[in-house]
Amino acid sequence: METLTDAASLGAFLHGLPGVDQVGADERAARLATRSIKTTAKARAIDLAISMVDLTTLEGADTRGKVRALCAKAVHPDPGDPSVPKVAAVCVYSDLVAEAVAQLKGTGVGVASVATAFPSGRAPLEAKLADTRRAVTDGATEIDMVIDRGAFLAGDYQKVYDEIAAVKAACEQAHLKVILETGELMTYDNVRRAGWLAMLAGADFIKTSTGKVAPAATLPVTLIMLEAVRDFRARTGRQVGVKPAGGIRTTKDAIKYLVLVNETAGPDWLHADHFRLGASSLVNDLLMQRRKLATGVYAGPDYFTLD
Amino acid sequence: MFEYAPAPESRDIVDIKPSYGLFINGEFVDGHGESFKSINPASEETLAEIACAAPQDVDRAVHAARQAYDAVWSGLPGRERAKYLFRIARIIQERSRELAVLESIDNGKPIRESRDVDLPLVAAHFFYYAGWADKLAYAGFRRSPTDGAGGGADPRPIGVAGQVIPWNFPLLMLAWKIAPALACGNTVVLKPAETTPLTALAFADICRQADLPPGVVNIITGAGETGQALVAHPDVDKVAFTGSTDVGRQIARSVARTGKRLTLELGGKAANVIFDDAPLDQAIEGIVNGIFFNQGHVCCAGSRLLVQESVAEELLGRLKSRMATLRIGDPLDKNTDIGAINSAAQLEKIRMLSEIGEREGAARWSPPCELPSRGFWFAPTLFTDVAQSHRIAREEIFGPVLSVLTFRTPAEAVEKANNTPYGLSAGVWTEKGSRILWMAERLRAGVVWANTFNKFDPAAPFGGYKESGFGREGGRHGLAAYLDV
C-alpha cells in the first residue's frame with residue numbers, strides 16, 4: 001500500500017476509489033436479505049449473533065447500577081441455559097468503564113467505551129484524547145471513537161486522519177473502532193471513502209453509527225463497509241472488522257447482517273474478532289428465537305430478563 | 001463457513017393433474033395429435049401428460065377465437081375489457097405462490113426468481129394493459145374513422161392473434177402476449193413451449209375463474225408443428241412470436257404475402273460494456289445478473305462482457321470471487337441462485353458451444369461446484385481470451401456462459417458491441433453520465449441499460465434491431481402490434 005503523506009494525495013486516493021451506484025447497492029443488499037436461514041443454520045446463526053453483540057447502554061441516565069445489570073446479562077444472557085454464549089463486549093460511556101471492568105473481570109467479555117466527545121465529536125482534540133486515555137487507563141479493551149463529520153464533509157480528510165491516528169496512539173493495547181456516523185455522511189461514496197480513511201489511519205474496526213442519528217445501521221451501508229474491508233485486506237493484508245450499530249432489534253435483522261458478511265467479505269469475518277452487532281434489545285429476541293428452535297414453542301417475554 | 005440449511009419452498013400448493021387437454025372455447029378438450037410429457041428438468045421426473053394439437057385442433061381453436069372476436073370481445077367497450085384484465089391480474093397476484101412454484105418445477109428456474117421477478121412482472125403486465133383498454137383513443141395512434149362500438153374514436157383491434165412463446169419465461173411471455181392483445185380487443189390462440197406448458201394451462205384455469213367469455217383466450221399445446229399450423233392458419237390476422245432467430249425466419253417466410261401482421265422477438269448476443277470508471281461492485285452484480293439470471297436462458301442476456309483493458313484484470317478477479325458464491329441446485333430451494341437447464345437438448349447445445357470455445361483457444365473457467373446427479377445442469381462458466389471471431393462471441397449460447405472481451409477506447413467498445421447480427425439489448429457501466437448518453441446513441445440495440453441490467457417494466461417497450469426481430473412489446477409502443485394502425 002502506497003503511503004499517503006499529504007492532504008492532497010490522501011484526497012486524490014479517496015476520490016480515486018471506484019464509485020458506488022446507490023440503486024445497485026440497495027438492490028444487492030435487498031436481494032441478500034431474501035436468503036432463507038432455517039433449522040440448523042438458524043441455530044448456528046443465533047449463537048454466532050449472540051457472541052458478536054456489543055451490549056450497549058449509552059444514555060444520560062446511565063448509572064453504575066444499570067451498568068452492573070448489563071454486565072450480568074452479558075456473561076449469562078439466559079440465566080436458565082448455560083449453553084448460551086457470552087456476548088462479545090459491553091459498551092458504555094467512558095466514566096462508567098471502571099464499573100464495567102470490575103464486573104467483567106475474568107469473564108472474557110470485553111469492555112468497550114465510547115470516547116472522543118461521543119456522539120457529536122465536537123470537542124477539541126485534547127479533550128478527545130483525554131477522554132480516550134481515561135477510558136484506557138480504567139481498563140477499556142475497546143474504544144469506539146467518532147470521526148469529525150464536519151471536517152470530513154468539508155473535505156478536510158487530513159484532519160480526520162490525524163485525529164484517528166492520534167486516538168489510535170492513545171488507545172495503546174485497546175482496539176479502536178471508528179464510528180463513521182453514516183446517517184450524516186449521506187452518500188455511499190462518502191461511506192466508502194470514510195471507511196478507507198479510517199482504515200488507513202489505523203482503525204481496527206469501522207462502525208456505522210452512534211445510534212443517536214437516524215438512520216443508524218442499514219444493510220446497504222454495511223454492505224459498502226464490508227466491501228471496503230474486503231478490498232483493504234486484499235491490498236494491505238490487514239483484516240479490519242465491521243460493526244453495524246443502532247436499529248438492529250430482531251433475530252431476522254441480525255441474520256440478514258450475517259448473510260451479508262458471509263457473501264460479501266466472506267467467512268473470515270464471521271467471528272466476533274471481525275464482526276460485531278451494536279445493540280441492546282436484540283439479545284432478548286435472539287434468546288427467544290433460540291428457545292423456540294430448541295423447544296418448538298415460544299416463551300413469553302417475561303421469561304427473558306429486562307436489564 | 002456459514003452453511004445454509006436446505007430451505008425448500010413447499011410443493012403442496014400446486015396440484016398437477018396427470019394429464020391436460022387443450023383449452024379451446026373455455027373448455028379443456030382432447031387433442032388429436034400424439035400427447036407428450038412435460039418433465040421437471042431438475043429431476044427428470046414426469047410431471048404430466050400433455051395433449052398435442054393437430055391441425056384440426058388448431059382450426060377449432062382459431063374458429064373459437066374468431067367467434068368470440070365477432071360475437072363478444074371486439075364489441076365490448078374498453079372499460080369492460082379492462083374489468084376482465086384487472087380481474088385476471090388480481091387472481092394472478094392471489095395465486096402467485098402457486099404459479100411461482102409451478103413455474104420453477106416445470107422450467108427449472110430458481111424459486112427466488114419466479115417468486116420475486118417473474119410473477120410480480122406477470123401481474124404488473126396485466127394491470128398495466130388493463131389500464132390502457134379504455135384509453136386507446138389517447139395512445140397517440142390514428143383514430144378509427146368509422147363506427148365500432150367505442151363510438152368510432154378508438155383505434156380498432158386486428159382480429160385473431162396467433163401467439164407462440166418460448167420456454168425461458170413461460171408465464172411472463174404469455175402475459176407480454178395476451179395482456180396487450182386483449183386490452184386492444186383481439187382474441188388469442190396461444191401456444192406455450194413444448195417443455196413448459198403447465199403455467200399456461202394454469203392460466204387457462206384463471207381465465208375461467210375470471211369469467212372471461214369462452215374463446216377469447218385459447219391455449220393449445222404441442223411442439224413445432226402445432227406452432228407452424230397456428231401461424232399458417234388462414235384465419236389468423238396477427239402472428240406474434242418470441243423464440244429463436246431460426247424459427248423466426250421460418251415464420252416470417254410462412255406469413256409473407258398473406259397480409260398477416262407479424263412481430264418477432266428473437267435471439268440476442270448482448271454486450272455488457274464496463275468502463276474503467278464504473279462502479280465496480282455494482283458492475284459485478286450487473287454482470288452476474290446479466291448472464292446467470294435464469295441460467296442465462298434470456299434472449300437479452302449480457303453474454304458478451306466488454307471490459308476496458310485497464311480494469312480487466314481487477315474486474316475478472318472480483319467476478320471470479322463473486323461467481324464462487326453462486327448457489328447452484330434445487331430450484332425450489334429459496335437460497336438457490338442458479339437452477340436447472342430447461343431441457344436435455346438445451347444442455348447439449350450449451351455443452352457443444354462451450355467445447356467449441358475451448359477448442360478455438362479461449363480460456364474456460366468455472367468455480368468449483370457440485371452439480372446434482374439427476375436432471376440437467378451446467379456450472380456457471382467464464383471464457384476469457386475470447387476474440388470477436390470465436391463462435392462463443394458470435395452465437396447465442398442461451399446458457400450460463402459468459403464470453404469476456406476487452407476494449408481500449410469508447411469507439412472500440414461501440415464497434416465491438418455492434419459487430420453482431422443481433423441487436424436486442426446492451427449494458428453500459430460508467431459513472432460518467434455524458435458517456436452513457438454517448439454510448440446509448442450509438443449502440444444498435446433495442447434496450448440499453450445504464451448501470452443496471454435485465455431490468456423490466458411493463459411501461460418500457462422491449463424489442464430488437466437486426467436479427468433480434470421487429471416490433472415492440474410493453475409500454476404504449478406495445479399497443480401498436482395489436483391495433484389496426
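So, is Arg112(B) buried or exposed? It's buried, with a relative accessible area of 8%. By buried I mean under 20% relative accessible area, with exposed over 50% and partly exposed in between, using a 1.4 Å probe and protein chains only.

Before I go on, a word on what we're looking at. This is a predicted model, where local features need pLDDT of at least 70 and side-chain atom pairs count only at pLDDT 80 or more, while totals for chains, interfaces and linings use all residues. Residues are numbered from 1 along each chain as its sequence is written, chains are lettered from A and ligands numbered from 1 in the order in which they are written, and side-chain values use heavy atoms, leaving out hydrogens and water.

Okay, back to that arginine. Arg112(B) makes a salt bridge with Asp337(B), and the closest N and O atoms are 3.2 Å apart. For salt bridges, the rule is a side-chain nitrogen of Lys or Arg within 4 Å of a carboxyl oxygen of Asp or Glu. Arg112(B) is in helix 4 of chain B and Asp337(B) is in the loop between helix 10 and helix 11 (344-359) of chain B, so this pair ties together parts that are 225 residues apart in sequence. Helices here are DSSP runs (H or I, at least four residues), as are strands (E, at least two), and both are numbered from the N terminus. Asp337(B) counts as buried too, at 7% relative accessibility.

How many salt bridges does the structure hold over all chains? There are 57. One I like in chain A is Arg290(A) with Asp47(A), at 2.6 Å from N to O. Arg290(A) lies in helix 13 (residues 282-295) and Asp47(A) in helix 3 (residues 39-51), both of chain A, so the pair ties together parts 243 residues apart in sequence. Arg290(A) is buried, with a relative accessible area of 16%, while Asp47(A) counts as partly exposed at 25%.

Now the interface. The contact takes 26 residues from chain B and 30 residues from chain A, where contact means heavy atoms within 4.5 Å. The size of an interface is often given as the accessible area lost when the parts come together. Here chain B and chain A bury about 2300 Å² between them, with 46% of it on carbon and sulfur atoms. That buried area is the accessible area (1.4 Å probe) lost on putting the two parts together, summed over both.

Which three residues supply more than any other three of the area that chain B buries against chain A? They're Phe2(B), Tyr4(B) and Gln282(B), with 28%.

On the charged side, there are 6 salt bridges between chain B and chain A. One of them has Arg192(A) and Asp281(B) meeting at 2.5 Å, N to O. That pair crosses between chains, from helix 10 of chain A to helix 9 of chain B. Arg192(A) counts as buried at 4% relative accessibility, and Asp281(B) is buried as well, with a relative accessible area of 7%. Another salt bridge joins Asp231(A) and Arg318(B), with the closest N and O atoms 3.2 Å apart.

There are also 12 residue pairs in polar contact between chain B and chain A, both residues at pLDDT 80 or more. A polar contact is a pair of N or O atoms within 3.5 Å; within protein, one must be able to donate a hydrogen and the other to accept it, and residues adjacent in sequence count only if both atoms are side-chain atoms. As for which helices do the touching, helix 4 (111-132), helix 9 (280-292) and helix 10 (309-323) of chain B each supply at least two residues of the side of chain B that touches chain A. Helix 9 of chain B gives the largest share, 5 residues.

Last topic: aromatics. A search of the whole structure turns up 18 aromatic pairs over all chains. Rings of Phe, Tyr and Trp (its six-membered ring) pair if their centres lie within 6.5 Å, and planes under 30 degrees apart are stacked, over 60 edge-to-face, and the rest tilted. Trp196(A) and Phe232(A) are edge-to-face, 5.5 Å centre to centre with 70° between the planes. Both Trp196(A) and Phe232(A) are buried. And Phe2(B) pairs edge-to-face with Tyr4(B), at 5.1 Å centre to centre and 90° between the planes.
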